[in-house]
Amino acid sequence: QFPFGRRLPCDIYWHGVSFHDNNIFSGQVNKFPGMMETVRKITLSRAMRTMRDLFPLEYNFYPRSWILPEELSLFVDEVRLMKDSDPSWKPTFIVKPDGGCQGDGIYLIKDPNDTRLTGSTQSRPAVVQEYICKPLLVDKLKFDIRLYVLLKSLEPLEIYIAKDGLSRFCTEPYQEPSLKNLHQVFMHLTNYSLNIHSGNFIHSDSVNTGSKRTFSSILCRLSSKGADVKKLWSDIISLVIKTIIALTPELKVYYQSDIPAGKPGPTCFQILGFDILLTKNLKPMLLEVNANPSMRIEHEQELSPGVFENVPSPVDEEVKVAVIRDTLRLVDPQKKKRKDSLVTVPPKHPWPGVHEHPALQEVSPWQGVDEMSSEVPPKPTPSVILCCRCQSLKQAPEAREELPDAPKSPEAALPSLCLKQVFPKYAKQFSHLRLVDKVAALFIRFLGVKGTTKLGPTGFRTFIRNCKLSNSNFSMAAVDILYIDITRRWNSMGIDKESGMCLQAFVEAFFRLAQKKYKTLPLHEQVSSLIELCEKRLAAVHGKRLLCGCG
């Protein structure tokens, strides 16, 4: 550990909280610049809303959300309209402070007007979401899933998902929200940091019981009852890829600001914690994304009043050690050098648990979960031992094949990777969703000054001029008014007081331009058409400059 930094270069830097070191010029860092800001509840909700506007059916896995205090009146009005159109609708809403964590400040309401009673929204911005009233229950308890996702690279995009995760349980039997039980946090909130203080919390040495279990143990249980766990895994993969696609535009803006192109700098990777809730009909819903998921593998136990000791947690150890170990294996800078000199025999069985959804039409990387029960692990094959308890694949000693005179790999003694690539493996099925990525590329192109995240008025005018978007019906004066109108509103909403147009404001302006130019098309086609037009005209400008340079 180097609490005050380190001068000598390293292969891998592992920062505790966020990317914060401007003196790293090589190697790899385990944090992306701007990740903490990008996954905050308000920023995430805005990104998901933008994607839902473009692709309503593709992004229906995130609860309907409103941002407080700026959208309080909109929230009240929309709920009233929905109730008027469907009198039988009796919703519950959950309010989450923007910067909150570990369940801090979260509360449930029935009436939208109750948000005003807290008196805290002006000083503490929050997101209010429609509460999922019919979650899947196990042992009559509500639970959520913490899945670990490795974002190995931003450009090109490379995503891995851990094949096991944690299931975190409430500690009181679930009942649908009512005015009587709205304040019972141990019934409604799955946060481990809250439920650990409940008298009903159970620390267990088994991954199949207790208040924290492996996700694979839940899959085994569901499979034994006839649930289609392969389709469930497929839906989860789709949710993860679509969420990362929604986040990458903002991340790219932060990345070019901290690590400008053409200057020496590190590459980045990051482990994210995806919190997912399963509905009664096994539909995965995204709750939030955590930039710094806890990697603790022990819990505190009180030996006597005021005296605590750290006790190992078998469930945490089983899942988290594998995630850290395999992340380091995937980013190992020496791996590529060894690859050419080593001959390795891959395991004959890949990882379990996913079905090929219509969107995922390749050979499945997960196999065999539906053949397992939660009680009895399946019979090991000659080449692989499949442990139902942890869903990990371990090569049997008799199955290790070695070629004569082949150099032995340092990884030969390690288990198979628990992290499996889902992107670019399934890139073709999701490439049509990456429209905002292309808008962000235009935004970055016209930023002008390296190291900034805001587009000035001159940069916006240059964008309009180079893409030839102004005409007799849309003069440069109208361009300036559009810039001022959108920028002023977005800057009044954010905590960042730097002047200029942020990416989200630019996206809104771009959408307006697209709607103005292609009035009869659906929004995603409008945006796609304008992107294509801009790229074509910018390519022509670039070609003329090259020609002039040659001349």
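Modeller: A search of the whole structure, which is a predicted model, finds 18 aromatic pairs. Two values describe such a pair: the separation of the ring centres and the angle between the ring planes. For Tyr192 and Phe201, the centres are 5.6 Å apart and the planes stand at 70°, so this pair is edge-to-face.

Biologist: How are the rings of Phe460 and Phe506 arranged?

Modeller: Their centres lie 6.3 Å apart and their planes meet at 90°, so this pair is also edge-to-face. The pair links distant parts of the chain, since Phe460 belongs to helix α12 (residues 457–466) and Phe506 to helix α14 (residues 503–517), 46 residues apart. Both Phe460 and Phe506 are buried.

Biologist: Which residues do ring pairs link into a cluster?

Modeller: The cluster consists of Phe443, Phe446, Phe460, Phe463, Tyr483, Phe506 and Phe510.

Biologist: Which charged ends sit over rings?

Modeller: There are two examples to examine. The charged end of Lys212 sits over the ring of Tyr192, 3.8 Å from its centre. The charged end of Arg213 sits over the ring of Phe169, at 4.1 Å from the ring centre.

Biologist: Where does Ser211 lie, and what is it in contact with?

Modeller: Ser211 is in the loop between α5 (192–195) and β11 (212–214). Its relative accessibility is 7%, so Ser211 counts as buried. If neighbours within four places in sequence are left aside, Ser211 is in contact with Ser167, Arg168, Phe169, Thr171, Asn200, Phe201 and Ile202.

Biologist: How should I read a nonpolar core?

Modeller: In soluble globular proteins, nonpolar side chains tend to be buried together. Here the largest nonpolar core has 97 residues, of which Phe274, Phe460, Phe463, Phe506, Phe510 and Val527 touch the most other members. Helix α7 (residues 229–258) gives the most to this core, with 14 residues. The core draws at least three residues from each of domain 1 (12–63 + 132–302 + 309–334) and domain 2 (434–544).

Biologist: Which residues is Phe463 in contact with?

Modeller: Leaving aside neighbours within four places in sequence, Phe463 is in contact with Leu442, Phe446, Leu469, Phe506, Phe510, Leu513 and Cys534. There is also a second, separate core of 17 residues, which includes Tyr148, Ala162, Val319 and Ala322.

Biologist: Let us turn to strands. Why is strand β6 largely enclosed by the rest of the structure?

Modeller: Strand β6 (residues 126–130) has 5 residues, and 4 of them are buried, so it is largely enclosed. Next, one looks for its partners. Strand β3 (residues 65–68) pairs with β6 in the antiparallel sense over 4 bridges, and Leu68 stands opposite Ala126 in β6. Strand β4 (residues 93–97) pairs with β6 in the antiparallel sense over 5 bridges, and Phe93 stands opposite Glu130.

Biologist: In what order do the strands of the parallel open sheet lie?

Modeller: The 3 strands of this open sheet follow the order β1-β2-β12. The edge strands are β1 (12–13) and β12 (267–268), each of which pairs on one side only. Strand β2 (residues 28–29) pairs with β12 in the parallel sense over 2 bridges; the bridge partner of Gln28 in β12 is Thr267.

Biologist: What are the figures for the protein chain as a whole?

Modeller: The chain has 15 helices and 19 strands. Buried residues make up 49% of its 551 residues. Among contacts with a separation of 6 or more, 66% are between residues 24 or more positions apart.

Definitions and conventions
Residues are numbered from 1 along each chain as its sequence is written. This is a predicted model: local features need pLDDT of at least 70, side-chain atom pairs count only at pLDDT 80 or more; totals for chains, interfaces and linings use all residues. Side-chain values use heavy atoms; hydrogens and water are left out. A nonpolar core is a set of buried Ala, Val, Leu, Ile, Met, Phe, Trp, Tyr and Cys residues joined through side-chain atoms within 4.5 Å. Buried means under 20% relative accessible area, exposed over 50%, partly exposed in between (1.4 Å probe, protein chains only). Domain bounds come from an automatic or database domain assignment. Contact means heavy atoms within 4.5 Å. Two strands pair if DSSP finds at least two bridges between them. Rings of Phe, Tyr and Trp (its six-membered ring) pair if their centres lie within 6.5 Å; planes under 30 degrees apart count as stacked, over 60 as edge-to-face and the rest as tilted. A charge sits over a ring if NZ of Lys or CZ of Arg is within 6 Å of the ring centre and within 35 degrees of the ring normal.
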